[in-house]
Structures are given as C-alpha cells and as structure tokens.
Amino acid sequence: MPMDRDASHSGHSDDSDAPLLGVRGCLIDTPHLGRLRERKDTAILIENGRIVDIGAYNLLHKKASSKARWLHNARAAIFPGLIDLHSHLPQYPAVAKGRSELLPWLRQTVFPLEREFGEAKARKESMAFFRELARHGTTTAMLYGSVNEAACEAAFEAAEKSGLRVIMGMLMMDIASYGASQPKKVMSIALLESERLCEKWHGARAGMLEYAFSPRFAVSCSEKLMKGAAELAAKHSAFLQMHLAENFEELEKVKNQFSWAADYADVYDKCGLLTPRTVLSHCIHLSDREMDVVAASGARVAHCPTANLFLGSGVMPMEKMHDRGIPIGLGSGVGAGTELNLWQVMRSAIESQKMRSYYDGDARVPSPAEVFYMATQGAAEVLGKENMIGSLDVGKDADFIVVDYGAFLPYRKTARQQRDELSAEDLLSLCIYRGGPHGTMETFVRGNSVYRAAEPDLF
Ligand SMILES: [Zn+2]
C-alpha cells in the first residue's frame with residue numbers, strides 16, 4: 001500500500017461503516033514508570049471503542065485492510081490520551097489573572113466568576129471548555145463545577161455531548177460564600193443537591209461520566225459537611241476530591257478552625273475523606289506524618305505545578321510521595337494553573353523540581369518519561385483505571401491522540417529530515433518543551449473522534 005493513499009489527514013476509505021478502525025503512526029507510551037516504549041510505523045485496530053490489535057502497519061494492514069477504514073500515517077505520533085486530574089470548569093476565563101496568593105486570589109478573582117456561573121453561563125461555556133480540553137489532547141478530566149446545581153447539570157450535559165471521559169462534582173462549601181449578595185449554601189442543601197447530581201450522572205454514558213463529591217477545602221467546609229460528603233461518596237462508590245495543603249495562610253486557618261485535629265490531613269482523615277477513591281490536589285506543605293497518613297489511606301494526589309508556581313504556593317516534594325507509593329498524576333489546576341495544556345504542566349513538573357534541587361538536596365528531578373507517565377498511565381492508576389486507559393495496549397479503551405510533532409520543530413521545512421534523527425526520548429522531550437494544541441491532529445476517546453484539527457498540516 002503506497003503511503004500517500006493513507007497519508008491525507010482525512011484518509012477515510014469509502015467504507016465508513018466498517019466496524020473496524022485502523023490508525024497508523026509511531027506509538028509512544030509509558031506502560032511503566034520511567035520506561036518509554038516506542039513502536040514505529042505501527043497500526044492500532046479499534047472495534048467497539050476498544051483496541052483489538054496492535055502490530056506492524058504492513059502486516060495489520062494486509063490482514064484487516066478490507067474490513068477497516070484507515071486514518072493517519074507513519075509520520076504521525078500517537079500517544080495515549082492525556083489525563084487532567086484537577087481543574088475548575090467555571091474558572092477557565094480567569095486564567096493568568098491576579099497577582100496575589102491563594103486566599104485573596106479566591107476572593108478577588110475566583111469567587112466573582114463562580115458566583116456568576118449559573119445555568120445560563122454553564123450552558124454557554126461548558127461545550128467550549130470541553131472542546132478546548134480535546135484540542136489540547138486531554139481525553140479524561142476530573143473537574144469541579146460551581147456551587148450551583150443547575151449549572152453542574154448543564155455542565156454534565158455538555159460533558160455527555162463532548163464524548164470525553166469526565167469525572168465532575170458540584171463544589172461544596174458551607175462556611176465561605178461567594179460574598180454578601182449570595183448567602184452561604186446550607187450544609188444539608190449542599191449534600192442533597194450533590195447526591196441528586198450523583199444519582200443522575202455517576203456511571204452515565206456507559207461509565208464515561210462519573211461523580212466526585214467535592215468539598216473545596218477544609219477552610220470553607222464544616223466538619224458535618226465533610227463527613228456527609230464522605231458518607232455519600234461511600235454510599236454511591238463515587239469519587240472524592242479536595243484541595244490539601246496548598247498555601248501557608250490556608251494551613252494557619254485550618255489549624256485555628258479544627259483545633260481538635262493533629263494537622264490538616266488529620267481533618268480529612270477523621271472526616272472519612274481519605275479513601276482510595278480520593279484525589280487530593282496540590283499537597284505541597286505536608287509533614288512526613290501527613291504523607292504517611294495519605295499513603296496508608298490509599299488516597300491519591302493531583303500534582304499541579306503550573307498552578308503552584310502561578311500563585312507562589314510552593315513546590316511539592318514529589319520524591320517523598322513516590323517513595324511512599326502514593327499514586328500521583330498531574331493536574332492543570334485551572335484557573336490557578338494558567339493553561340489546560342498538559343504538555344506544559346509536564347514541563348513545569350520537571351522544571352519546578354530542577355529549581356528545588358538547587359536548594360534541597362533531597363529533590364529528584366523527574367525525566368520526561370516519568371512526567372509523561374504521570375499524565376497518562378500514572379494518572380489512570382490514580383483513578384483506578386489503569387487497566388482501561390493510560391497506555392496503548394490491546395484490551396484497553398481506545399483513548400489516544402494523534403500529534404503532528406513537526407509543528408513543534410524549530411524549522412518546519414526540514415522537519416521530515418529532522419524526524420529521522422529523533423529518538424523516542426527526543427520526540428517526547430520536544431512535545432513536553434514545545435508541545436501544545438497546535439500539534440493536535442485528532443483526539444479519540446473510546447474509539448470516537450472528539451476533536452480534529454481544521455487544517456491539518458502534517459509535515
Ligand atoms: Zn483547584
């Protein structure tokens with residue numbers, strides 16, 4: 001088969017109803033931490049949303065040619081879909097705004113936005129938000145909504161239409177409020193509304209949508225609310241998500257509010273919030289004891305380096321989590337994080353540990369393959385989905401992205417020649433240091449195309 005017949009981006013054969021989809025490219029993934037796997041000129045065969053075969057393109061094409069429609073070509077890079085473990089849907093318009101630390105930034109920049117994020121706004125913005133995720137190569141996202149139930153409902157409807165894999169929850173807080181014009185949400189109402197949303201959406205669309213009970217952080221939640229959230233999550237086998245130990249002022253407030261607790265992690269632990277279905281974001285300023293508690297509980301961590309640097313919150317001691325066996329993935333941390341681009345979050349995860357290594361001899365600088373693991377297979381493990389997504393293997397769901405990495409090379413005209421000189425490590429490094437939505441050609445979730453570049457420009 002001459003390459004150019006399949007080389008056009010659209011590349012569909014006439015038989016568009018074929019049950020099999022074949023995608024050709026150079027496969028790069030990390031099924032194990034730190035181990036990069038490259039499979040050149042390889043084909044993935046997809047049936048009913050699952051990867052049913054992977055092998056040398058020439059062989060698979062011969063075997064399945066008449067039964068499949070084929071997309072892409074040997075020059076495309078194929079990665080597992082990226083997984084964003086922490087982001088706030090209503091906050092996206094606020095990215096890169098504000099010059100203060102966490103608590104004043106929340107009051108000044110975030111609360112006004114979340115207050116206005118009612119049903120109408122959610123209907124308007126959510127579809128665009130999910131499209132942005134897909135354009136950035138994100139196929140799974142764990143998200144917070146606002147405190148408004150109808151807005152969360154609208155956001156779930158948009159998530160359903162987007163085709164992405166989404167775990168989301170209504171933000172819960174009964175101590176803080178969005179300001180004088182909007183009264184605090186009473187604890188019992190927050191629990192009732194959250195459960196209603198969970199009952200409707202947890203497991204919807206054949207498991208593509210799931211619910212996360214979402215008490216924002218201990219500063220804005222009563223003990224009763226947190227305990228109630230933990231009970232509901234257990235009752236429905238749903239996820240839990242909270243922020244933990246992001247900022248010093250936050251730590252001080254928690255200490256004053258919960259004088260009965262040994263420390264911040266103890267507040268969540270005593271409220272029953274630390275479980276293997278819990279994703280804790282940030283976790284920058286945890287004591288050794290607290291990290292032991294998190295590890296023993298089976299809870300997981302969303303590392304958000306771009307957000308941590310933007311708000312000047314600090315640098316998470318990544319190796320201390322790894323050494324305790326705490327599963328860690330990456331989060332864009334939007335809107336404290338300045339972009340949904342997980343390639344840049346990976347870059348930041350490397351660079352922030354590099355900077356830390358100048359003043360902390362314990363710091364270990366992760367390799368590109370290690371941070372890539374944290375955005376794919378490692379993040380899948382955080383969600384308990386390591387056998388479903390995260391790498392390109394037969395039997396897994398077909399969540400992957402097709403990337404024109406020529407878009408990241410300095411001189412596009414000589415890109416093809418440069419490609420021949422790139423090792424898998426070079427190629428991944430190129431994506432991490434220069435990658436972004438301009439290189440995303442197509443994004444697939446469970447075998448369905450959820451984003452396709454308007455004018456593909458494969459080198
Ligand atoms: Zn957050």
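## Domains and confidence

The domain assignment of the protein chain gives domain 1 (3–80 + 390–452) and domain 2 (82–382); the bounds come from an automatic or database domain assignment. This is a predicted model, in which local features need pLDDT of at least 70 and side-chain atom pairs count only at pLDDT 80 or more, while totals for chains, interfaces and linings use all residues. Residues are numbered from 1 along each chain as its sequence is written.

The average pLDDT (the predictor's confidence in each residue, from 0 to 100) is 92 for the protein chain, and 94% of the residues score at least 70. Over residues 1–16 the pLDDT is below 50, and this stretch has 21 contacts in the model beyond near neighbours in sequence. Two residues are in contact if their C-beta atoms, placed from the backbone, lie within 7 Å.

The centres of domain 1 and domain 2, taken over C-alpha atoms, are separated by 31 Å. Contacts between them involve 28 residues of domain 1 and 30 residues of domain 2. On the side of domain 1 that touches domain 2, two or more residues are given by each of strand E1 (20–32), strand E2 (35–47), helix H18 (424–434), E16 and E17. H18 gives the most to that side, with six residues. Helices (H or I, at least four residues) and strands (E, at least two) are DSSP runs, numbered from the N terminus.

## Nonpolar core

A nonpolar core is a set of buried Ala, Val, Leu, Ile, Met, Phe, Trp, Tyr and Cys residues joined through C-beta atoms within 7 Å. A residue is buried if 20 or more other C-beta atoms lie within 10 Å of its own, exposed if 12 or fewer, and partly exposed in between, with C-beta atoms placed from the backbone. The largest nonpolar core has 153 residues, of which Ile 78, Ala 155, Met 346 and Ala 375 touch the most other members. Its largest share, seven residues, comes from H5. Both domain 1 and domain 2 supply at least three residues to this core.

Leaving aside neighbours within four places in sequence, Ala 375 is in contact with Leu 82, Ile 83, Gly 329, Leu 330, Leu 342 and Met 346.

Helix H4 (residues 119–135) has 17 residues and spans 24 Å from its first C-alpha to its last, close to the 24 Å expected at 1.5 Å a residue. The expected span of a helix is 1.5 Å times one less than its number of residues. H4 has a kink of about 35 degrees, centred on Glu 125; the bend at a residue is the angle between axes fitted to the seven residues ending there and the seven starting there. Its buried residues are Ala 122, Ser 126, Phe 129, Phe 130, Leu 133 and Ala 134. They are covered by elements including strand E7 (138–144), helix H5 (149–162), strand E16 (440–445) and strand E17 (448–452). Just after H4, Gly 137 has a positive phi of about 85 degrees.

H5 has 14 residues and reaches 20 Å from its first C-alpha to its last, close to the 20 Å expected. Buried in H5 are Ala 151, Cys 152, Glu 153, Ala 154, Ala 155, Phe 156, Ala 158, Ala 159 and Ser 162. The cover over these residues includes H4, strand E8 (165–169), helix H6 (187–201), strand E10 (209–215) and E17.

## Backbone details

Most residues other than glycine have a negative phi, and most peptide bonds are trans. Asp 41 is not a glycine but has a positive phi of about 35 degrees. Asp 41 sits in strand E2 and is partly exposed, because 15 other C-beta atoms lie within 10 Å. His 72, also not a glycine, has a positive phi of about 70 degrees. His 72 is in the loop between strand E4 (68–71) and strand E5 (77–80), and counts as buried because it has 26 C-beta neighbours inside 10 Å.

The peptide bond from Val 334 to Gly 335 is cis, with omega near 5 degrees. Gly 335 lies in the loop between strand E14 (328–330) and helix H14 (342–359).
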